[in-house]
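Trainee: Could we go through this structure together? I would like to begin with confidence and then move on to the chain contacts.

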Amino acid sequence: MTLIALPILLPFMLIIVLVFIRSTFYAKIIGVIGSALLFLVSVYLLILVSHNEMLVLQVGGWEAPYGISLVVDYLSSLMLLAASFIVFAVSIYAYRFVKAKRGFSMFFIFFFALTMGVNGAFISGDVFNLYVWFEVMMLSSFVLITMGAKKEQLEGGIKYLTLNLIASLLFLAGLGLLYGKTGTLNMAHLAQILNNDQQSILMNTSAMLFFIAFGIKTAIFPLFFWLPASYHTANITVTSLFAGILTKVGVYTLIRFFTLFFVQNGYFWHNLLLISAGFTMVIGGMAASIQYDTRRILSYHIISQIGYMIMGLGIYTPLAIAGAIFFTIHNMVAKTNTFLIMGIIKKIKGTFYLKDLGGLFKEKPFLAILFVISAFALAGIPPLSGFFAKFILIKAGIEDKHYLIIAVAVLTSMLTLYSMIKIWNQAFLRVQPSKTKVDERVKVAVFDYLPSALLALGSLMLGILAAQFFDLTLLAAKQLLDPGIYVEAVLNTMK
Amino acid sequence: MEILLSALTGLLYAGGVFLILRRSILKFIIGIIFLSNATNLLVFLSAGIVHGKPAFLDGVESDSGKLADPLPQALVLTAIVIGFGIVIFTLALKYKFFITTSTNDLDQLKNTDV
Amino acid sequence: MNSVILQIATRYLKVLFLSFACIAVIRGHNYPGGGFIGGLLAALYIVYSSLAFSVQQIRRQLKVKPQYYIGLGLLCALLSFMPSLVSGAPLMKGIWFTIDSSIIGKIKLGSPLLFDFGVFFTVMGVTLLFLFTLSNHK
């Protein structure tokens with residue numbers, strides 16, 4: 001089962017190769033081919049998981065509670081698949097949209113370090129190992145977000161760094177307290193101990209520290225302020241990668257922790273999750289509707305959509321968690337795509353500001369189609385993926401009688417639709433304002449549209465194959481709600 | 001010893017929070033160092049201190065109370081290394097920021113929040 | 001700084017520093033030491049000699065860029081996974097073998113040692129990269 005480690009080892013090998021390669025041309029080729037390979041590996045892992053239920057690797061042959069376990073279940077493999085799909089699309093996009101001073105290998109080294117951290121976080125079965133992968137992810141994201149080193153990027157970078165650093169310190173503190181109380185950090189062993197333990201008071205301190213730490217990473221309601229302050233300053237390629245992947249790693253860890261071992265005291269936690277989910281949705285949506293910089297609209301929008309995922313976790317039925325996973329993956333694909341399209345618009349028109357944009361529907365009809373697909377998928381228009389994601393969540397909420405949060409979710413959908421229509425009206429439909437100076441020499445090649453078209457296709461496929469995909473997420477949810485399977489698989493593997 | 005170290009942890013947290021809320025970026029970085037050291041101490045302490053006992057004994061199957069637990073030290077060591085990297089990165093960022101804007105004031109960071 | 005004593009002393013201390021770093025790496029598996037400490041010691045020598053001469057001069061003398069040390073270190077770490085893969089053991093399992101030489105007695109070699117050398121080069125490279133980057137502008 002060494003194959004499980006491949007999503008970590010492959011980026012690692014690519015980093016080594018890229019360190020020794022100085023030529024921009026070869027770096028680009030290796031970047032794209034490497035991420036394509038990564039995508040194939042994660043497809044294969046999903047196929048393996050659908051045959052074997054759960055894949056476990058005890059690293060170094062040290063048995064489970066003592067060594068580090070790498071575990072791939074349905075949730076991990078679905079997240080891996082979505083993440084590597086986005087990594088693949090963004091690596092093609094970087095080909096034309098990154099202007100790296102010291103050559104491309106620098107960019108791709110940190111790009112793959114980020115990918116390694118993200119993949120490691122998805123497959124790790126040990127809390128401390130998860131912390132290490134979070135740090136790998138965070139350090140490379142620091143470098144990527146300050147790439148270019150202009151004044152804005154440094155400003156955004158400092159804000160991003162501060163709050164993420166505090167988050168990881170809280171994570172470490174929570175982890176230390178958890179170890180002090182249970183004497184183990186293996187997730188399966190923790191689940192075994194904590195599921196048979198009624199002393200929830202002791203656990204609540206570290207559960208709360210973890211909640212705040214992941215809350216900052218995930219950008220949920222009272223803790224999201226770093227995201228809109230920093231995402232619009234970075235290079236658009238980096239922003240789209242972050243928008244697609246980083247906050248969703250936080251969602252993944254919240255789902256993992258609060259289904260696997262922080263399960264005592266459920267009433268308190270689920271209500272807390274639902275309350276913060278509601279506020280996250282509404283405040284993100286409202287803040288998005290008053291912005292005029294497209295990147296900031298979409299940044300607030302990320303926050304608003306995070307609310308839906310947390311809502312699924314808060315309702316805590318198999319259907320709701322399946323909905324949350326469905327929503328997360330749909331959102332990763334569609335959200336990245338809207339950012340990629342904004343990058344293309346910036347290239348054509350030279351600006352991100354809605355007030356200066358216009359006339360794109362006539363000039364670039366294909367771009368308009370791509371935008372419609374991803375924006376309306378986000379808003380939840382029926383044949384597209386977002387509709388099914390929201391439908392599952394709302395159905396789960398009604399079945400479990402959470403009417404208030406459902407009302408909030410539907411209302412937020414309207415806000416989403418409003419801000420998407422705002423971009424559509426201002427950038428695409430109306431006539432170009434005469435005062436905008438457009439550089440006519442800029443040519444957009446067909447190649448620029450390729451990653452965006454790829455993601456739009458993914459979004460469409462998620463809508464068309466929604467039933468099959470929903471079955472997968474439901475399997476993932478059932479697996480999550482029965483921690484016994486996870487414990488059994490990890491603690492009883494004798495290889 | 002544990003009481004003393006716990007008090008030190010609290011002091012470091014308090015100092016770190018105080019320094020992080022200052023306007024100067026350099027003091028802010030010192031605050032981050034304080035906080036990360038406080039967290040390392042917390043992890044170290046929460047597993048309990050066993051005084052003067054080895055972590056491993058050859059061939060002796062003794063009960064766990066008499067042995068020191070080596071894992072928290074390994075965790076703290078890793079965390080220190082990570083903290084080292086982050087602090088260096090923060091310093092480099094601050095340096096670069098000072099070169100481009102020639103200011104040490106966090107209040108000057110409001111230009112992108114329009 | 002321009003001290004003749006320090007400059008000459010650095011030349012002779014080179015052997016001491018680097019051999020101590022190597023010893024720290026090799027004994028690290030069973031005793032205090034290891035790749036991280038060894039790497040820091042080796043980097044310390046270069047920091048020390050850049051105090052005696054100047055950072056630019058040392059940078060020129062070093063010939064190999066610090067990035068390549070990091071690459072070499074990562075490569076060593078990757079290679080240390082290979083024995084476990086080839087022998088079919090779980091990934092990263094330490095594989096040891098003993099060389100029985102008549103001159104210096106039994107030597108135990110294994111993949112964790114290679115990993116330690118990987119850490120050694122990476123830490124050295126990273127520290128040097130920090131040093132050179134932060135002292136770039138005057």
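Trainee: In chain B, where is confidence lowest and where is it highest?
Mentor: This is a predicted model, and in chain B the lowest confidence is in helix α3 (residues 71-101), with a mean of 88. The highest is in helix α1 (residues 2-20) of chain B, at 93.

Trainee: And what is the mean pLDDT of chain B?
Mentor: Chain B has a mean pLDDT of 84. Of its residues, 89% reach 70 or more.

Trainee: Which residues of chain B does UniProt annotate as "transmembrane region"?
Mentor: The unreviewed UniProt entry gives that annotation to residues 6-21, 28-51 and 71-93 of chain B.

Trainee: How much of residues 71-93 of chain B is helix?
Mentor: Residues 71-93 of chain B are 100% helix and 0% strand, with end C-alpha atoms 33 Å apart. Residues 28-51 of chain B are 79% helix and 0% strand, and there the end C-alpha atoms lie 35 Å apart.

Trainee: What does UniProt list as "transmembrane region" for chain C?
Mentor: For chain C, the unreviewed UniProt entry lists residues 12-29, 35-56, 68-92 and 112-134. Among them, residues 35-56 of chain C are 91% helix and 0% strand, with 27 Å between the end C-alpha atoms. Residues 68-92 of chain C are 76% helix and 0% strand, and their end C-alpha atoms are 24 Å apart.

Trainee: Now the contacts. How many residues of chain A and chain B are in contact?
Mentor: In that contact, 35 residues of chain A meet 36 residues of chain B. Chain A and chain B bury about 2900 Å² between them, and carbon and sulfur atoms give 78% of that area. On the chain A side, A:E155, A:I158 and A:Y179 supply 21% of the area buried against chain B, more than any other three residues.

Trainee: How many salt bridges are found across the interface of chain A and chain B?
Mentor: The number of salt bridges between chain A and chain B is zero, and one residue pair is in polar contact, with both residues at pLDDT 80 or more.

Trainee: Which elements give two or more residues to the side of chain A that touches chain B?
Mentor: Those elements are α5 (127-145) and α6 (151-182) of chain A. The largest share, 19 residues, comes from α6(A). By residue type, the side of chain A that touches chain B has 21 nonpolar, eight polar and six charged residues.

Trainee: And chain C against chain A: how many residues does the contact take from each?
Mentor: The contact takes 15 residues from chain C and 15 residues from chain A. About 1400 Å² is buried between chain C and chain A, 78% of it on carbon and sulfur atoms. In chain C, the residues losing the most area to chain A are C:Y68, C:L74 and C:L91, together 40% of what that side buries. The side of chain C that touches chain A comprises eleven nonpolar, two polar and two charged residues.

Trainee: How many salt bridges are there between chain C and chain A?
Mentor: Zero salt bridges are counted there. One residue pair across the interface of chain C and chain A is in polar contact, both residues being at pLDDT 80 or more.

Trainee: How many salt bridges does the structure hold over all chains?
Mentor: Over all chains, the structure holds eight salt bridges. One salt bridge joins A:R96 and A:D448, whose closest N and O atoms are 2.7 Å apart.

Trainee: Where in chain A do A:R96 and A:D448 lie?
Mentor: A:R96 is in helix α3 (residues 74-97) of chain A and A:D448 is in helix α18 (residues 446-464) of chain A. The pair links distant parts of the chain, 352 residues apart.

Notes:
Residues are numbered from 1 along each chain as its sequence is written. Chains are lettered from A and ligands numbered from 1 in the order in which they are written. This is a predicted model: local features need pLDDT of at least 70, side-chain atom pairs count only at pLDDT 80 or more; totals for chains, interfaces and linings use all residues. Side-chain values use heavy atoms; hydrogens and water are left out. Contact means heavy atoms within 4.5 Å. Buried area is the accessible area (1.4 Å probe) that two parts lose on being put together, summed over both. A salt bridge is a side-chain nitrogen of Lys or Arg within 4 Å of a carboxyl oxygen of Asp or Glu. A polar contact is a pair of N or O atoms within 3.5 Å; within protein, one must be able to donate a hydrogen and the other to accept it, and residues adjacent in sequence count only if both atoms are side-chain atoms. Ala, Val, Leu, Ile, Met, Phe, Trp, Tyr, Cys and Pro count as nonpolar, Asp, Glu, Lys and Arg as charged, and the others, Gly among them, as polar. UniProt positions are given in the numbering used here, feature names are shortened, and annotations may be inferred rather than shown by experiment. Helices (H or I, at least four residues) and strands (E, at least two) are DSSP runs, numbered from the N terminus. pLDDT is the predictor's confidence in each residue, from 0 to 100.
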